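Visitor: I'm new to this one, so please show me around. I'd like a close look at a single part.

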Amino acid sequence: MDKKQSRLRRAVATRKKIAELRVHRLAVHRTNLHIYANIISPEGDRVLVSASSVEPEVRKELANGGNVAAATIIGKRVAEKAKAAGIETVAFDRSGFRYHGRVKALADAAREAGLKF
């Protein structure tokens, strides 16, 4: 079993529980260079809100999209977009990534911007 398969295996239990709860899901994906955050509908069929370090507005602010500062900006952006779309509460889906570093920074920034987990 390689590293990616192990991460996806860890993600399955979380996604099953969130699907059972029927709530909006804040899914985070990180790569070495960028971080992405999507809020997915309770049915799991649509992305309602998204933010990433690839967006041109964010690229102007950052020299590097793969660090904690970038994750903090993305967390704030996704929370602001969610509030504008009328989404107040979400379930946090870390996609099998450990809850530290960039993933934690994104979650903390989203909480500070008013999103409830």
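Visitor: What percentage of the 117 residues of the protein count as buried? After that, please zoom in on the sheet.

Guide: In this predicted model, 41% of the 117 residues are buried (under 20% relative accessible area, exposed being over 50%, with a 1.4 Å probe and protein chains only). Local features need pLDDT of at least 70, side-chain atom pairs 80 or more, while totals for chains, interfaces and linings use all residues. Numbering starts from 1 along each chain as written, and side-chain values use heavy atoms, without hydrogens or water.

Now for the sheet. The protein has four helices and four strands (DSSP runs, H or I of at least four residues and E of at least two, numbered from the N terminus). From that end, the elements go α-β-β-β-α-α-β-α. The four strands line up as β3-β2-β1-β4 in an open sheet with mixed pairing (a pair needs at least two DSSP bridges). From one strand to the next, the twist averages 20° (axes are lines fitted to C-alpha atoms, for helices over the stretch in contact, with angles from 0 to 180 degrees between N-to-C directions).

Look at β2 (residues 35-40): five bridges tie β2 to β3, and the two run antiparallel.

Helix α3 (residues 68-84) lies across β1, β2 and β3, at about 155° to β3.

Definitions and conventions
Contact means heavy atoms within 4.5 Å.
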